[in-house]
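Thanks for coming. Please have a look at it first.

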Amino acid sequence: METSIDWGDEIWASSIWMAWVSAVSLVGVLVIGFLLARFTAWGQQFWRLGGGFFTDKRTRVLAWGLIVALLVLALLGVRLTVLLSYWSNDLYTSLQNGAEALAKGDRAARDIAETAFWRAIWLFILLAGLHVVRTLIEIYVGSAFEIKFRTWMTEHVTTDWLGDRAFYRNRFVGQTDSKGDPQLQAGVDNPDQRVQEDIETVATQTRQLVFSSNGSSTNGVIPAIVTVVSFTKILWDLSGPMTLFGTDIPRAMVFLVMAFVLIATVVAFWIGRPLIYLTFLQERLAANFRYALIRIRDGAENIAFYRGEGVERSGLMFRFTAIVGNFWQIVYRTLKFTSWNFSITQASVIVPYVVQAPRFFAGSIKLGDVSQTSSAFGNLHDSLSFFRDSYPTFTGYRASLIRLDGLEDANVRSRSLTEIRTGDTPAVAPNTVTLDGVSISTPDGGRLVDDLSLGLRGGDALVIKGRSGAGKTTLLRGLAGMWPYVDGEFVRPSGTDTLFLSQVPYIPLGDLRTVVAYPARPDAVSDDELKAVLQRVLLGHLTERLDEEEDWAKVLSPGEQQRVAFARVLLTRPRVVFMDEATSAVDEGLEYTLYSLLRTELPDTVVVSVSHRSTTDQHHTKLLQLVGGGEWTLTDIG
Ligand SMILES: Nc1ncnc2c1ncn2[C@@H]1O[C@H](COP(=O)(O)OP(=O)(O)OP(=O)(O)O)[C@@H](O)[C@H]1O
C-alpha cells in the first residue's frame with residue numbers, strides 16, 4: 001500500500017535534513033544574534049551581561065558546545081513532529097481504506113489496509129520512543145546550559161559589583177535611565193534580587209525562549225522558525241485554491257495561516273506592550289517588600305524594645321498595597337491580552353476544517369489529508385504564534401535584563417566617581433602615613449575638612465576629635481577610598497597593611513572562627529592563634545565555641561563585638577590602623593587594657609583613632625581637632 005512518504009528511506013532523508021537544517025540554523029542564530037546584540041536595546045543589554053560566557057576562554061567551548069547540542073536536539077524534535085504528522089496521515093488513510101474495503105466486502109483490500117494499520121502502530125512506537133529519549137536528553141543538556149550560564153553570570157555580576165567598592169559607592173550615582181525609556185528607571189535598588197532572581201530568569205528564559213521544544217507544540221524561537229518552514233511545505237502540498245471575493249488564490253491555506261497569525265501578532269504586541277513596564281515595576285515592588293521584611297528581622301531587638309510593631313505593620317502593608325495595586329494592573333492587562341490571544345487560538349482550531357471541507361466532500365482529498373492538514377495548520381499556527389504567545393514571558397525577561405543592566409551601569413558610574421589619590425609608602429619607611437592637601441565635603445557641598453596635611457611615623461598615634469557631625473567618620477571614608485567628595489593625596493602601606501575599623505564592627509555570617517578571622521579567610525588562621533587572641537582581648541569564654549554557627553551579630557554584645565575587632569587587629573598586624581570609636585561600647589578600664597595591648601603588641605604600628613572620650617587621649621601622641629566649616633587644628637599631646 002502507498003504511504004505518504006517512503007519510510008524505508010526516511011533515516012537517510014532525515015539525517016540529511018538534520019545536517020542541512022542544523023548548519024543553516026546555526027548560521028541563522030549567529031547572524032540574527034549578532035543583529036539583535038547590535039541593534040536592539042535588549043540585545044545589547046543581554047550581550048553586555050552574558051556575552052562573556054560565549055567569548056571567555058574558560059567557557060566558550062562549553063557554551064558553544066551546549067548551544068550546538070541544544071540546537072540539534074530542538075531540530076530533532078521538529079523533525080519527529082513532522083514525521084508524526086506523516087504517520088498520522090498513514091494511520092487515518094489505512095483506517096479509511098479498511099472501512100471502504102469492508103463496505104465493498106473486498107477481503108484482499110481489507111487485509112492490505114490492516115497490515116498498513118499495524119505497520120503504522122509499530123512505526124509510532126519507534127518514533128514515540130525516540131521522542132521520549134530526545135526529550136530526556138534535552139532536559140539534561142538544557143539544564144546544564146542554564147546552570148553553567150547562570151554560574152557565569154553570577155560570578156561576573158558579583159565580581160563587578162564587589163570590585164573597586166562599587167557596592168558601596170553606587171549609592172552616590174542615583175537612578176539611571178534604561179536605554180531610551182525614562183519610565184524604566186533601572187537604578188541600584190535591591191541588588192540582592194538582581195543577583196539571585198534576575199540572573200536566574202535570564203538563564204532559564206534564554207534557553208526557553210531560544211531553544212526549548214517540547215515536542216508537539218514548540219515554544220522556542222529556533223524550533224518555531226524551523227517548524228514554520230517544515231510545515232509550510234507540507235501545507236503547501238496539501239492546500240488547494242480558494243476563491244475569495246471572486247478571485248482564485250492558489251495554495252490558499254498557507255497564505256491564510258500566515259496572514260491570520262501576522263495580524264494576530266501585531267495586535268497582541270500592541271495590547272501586551274505595557275506588560276514590560278508593569279512586570280518591571282512588580283519586581284521592584286516585590287523586592288522592596290522583601291527588603292522591608294528583612295529589615296524587621298535584622299532590627300528585631302530594636303523594634304521590640306521600641307514596641308514599634310504597629311509602625312512596622314503599617315509600613316509593611318503600605319509596601320504590600322503597592323504590590324497589589326500593580327498586580328491588578330497586570331491582571332487587567334493580561335485579561336485584555338489573553339482575551340485576544342486565546343480567541344485567536346480557538347478560532348484556529350476550526351479554520352483548516354472549514355477550508356478543506358469542500359474539497360473533502362467533493363472527493364478530491366481523503367480523510368488522512370484532512371487530518372494532516374489540520375495538524376500541519378495547527379503546528380504552523382502554533383509556531384507562527386510563538387512571538388505572540390511568549391510575549392508575557394518575554395516581558396519578564398526584558399524586565400530582568402533592564403535591572404541587571406542598570407546594576408552594571410551603576411557599577412561603571414561608581415568607578416568613574418572621584419577617589420582620593422593614593423600612593424604606597426616607600427620601602428625605606430614602611431610604617432608611615434602622609435596626608436597631603438586632603439579636603440572632604442558633603443554631597444551638597446558643605447565643607448568638612450579643608451586642605452589637611454600631616455605625616456605620621458611608626459609608633460605615632462593620632463586621635464581625631466570634633467563635635468558630632470563634624471566629619472570624623474567621613475574623613476576615614478575619604479581615606480579608605482569610599483567617599484567621592486574628596487580631594488588630595490594619601491600615602492599609606494598597601495593592601496591589608498592599612499586597616500580601617502568602622503564604629504560598629506562587621507560580623508559576617510558563619511561560625512565564630514569566620515567572625516574572628518575576618519577579613520582573612522577562616523582557614524588562614526590556626527585555632528591556637530584564634531584562641532590565644534581571644535584570651536588576650538578578654539573573650540576567653542568564647543574559645544570553645546569557634547565551630548558554632550550562630551547569628552553572632554545578635555549574640556555578641558556591642559562591647560564583645562568591639563573586642564572582636566581588636567582581636568582582628570592583633571591577628572592582621574597592620575602597619576597602620578584607623579579605628580572609628582572602636583571602644584565606645586566598653587568601659588574605661590577595658591578601653592585602657594585594649595589600647596595597652598595594641599601599643600605593646602604592635603609598637604611600630606601607626607594608630608589613628610576617632611574618639612569622643614578624653615580617656616583615650618593618654619594612648620595617643622597627637623590630636624587632630626575638627627573645628628567645623630572645614631577648619632582643623634593639629635597639636636601634640638603632652
Ligand atoms: N551619605 C551621606 N549623604 C549626605 N550627607 C552625609 C552622608 N553621610 C554623612 N553625611 C553628613 O556628613 C556629615 C559628617 O558626618 P560624619 O558621620 O562624618 O560625622 P562624625 O563627625 O563622624 O559624627 P559622629 O561623631 O556623630 O559620629 C554629617 O553632617 C552627615 O549628616
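Start with residues 17-40: this span is 96% helix and 0% strand, with its end C-alpha atoms 32 Å apart. Helices here are DSSP runs of H or I of at least four residues, and strands are runs of E of at least two, numbered from the N terminus. Before going on: this is a predicted model, where local features need pLDDT of at least 70, side-chain atom pairs count only at pLDDT 80 or more, and totals for chains, interfaces and linings use all residues. Residue numbers start from 1 along each chain as its sequence is written.

Residues 61-87 are 100% helix and 0% strand, and their end C-alpha atoms lie 38 Å apart. An unreviewed UniProt entry places "transmembrane region" at 17-40, 61-87, 120-141 and 252-272. Those positions are in the numbering used here, the feature names are shortened, and the annotations may be inferred rather than shown by experiment.

Overall, the protein has 20 helices and 16 strands. Strand 6 (residues 433-441) and strand 7 (residues 447-456) run antiparallel, joined by six bridges; pairing takes at least two DSSP bridges. V438 of strand 6 faces L452 in strand 7. The hairpin has five residues between the strands, and G445 takes a positive phi near 95 degrees.

Last, overall shape. The C-alpha atoms fill a box of roughly 125 × 50 × 50 Å along the principal axes.
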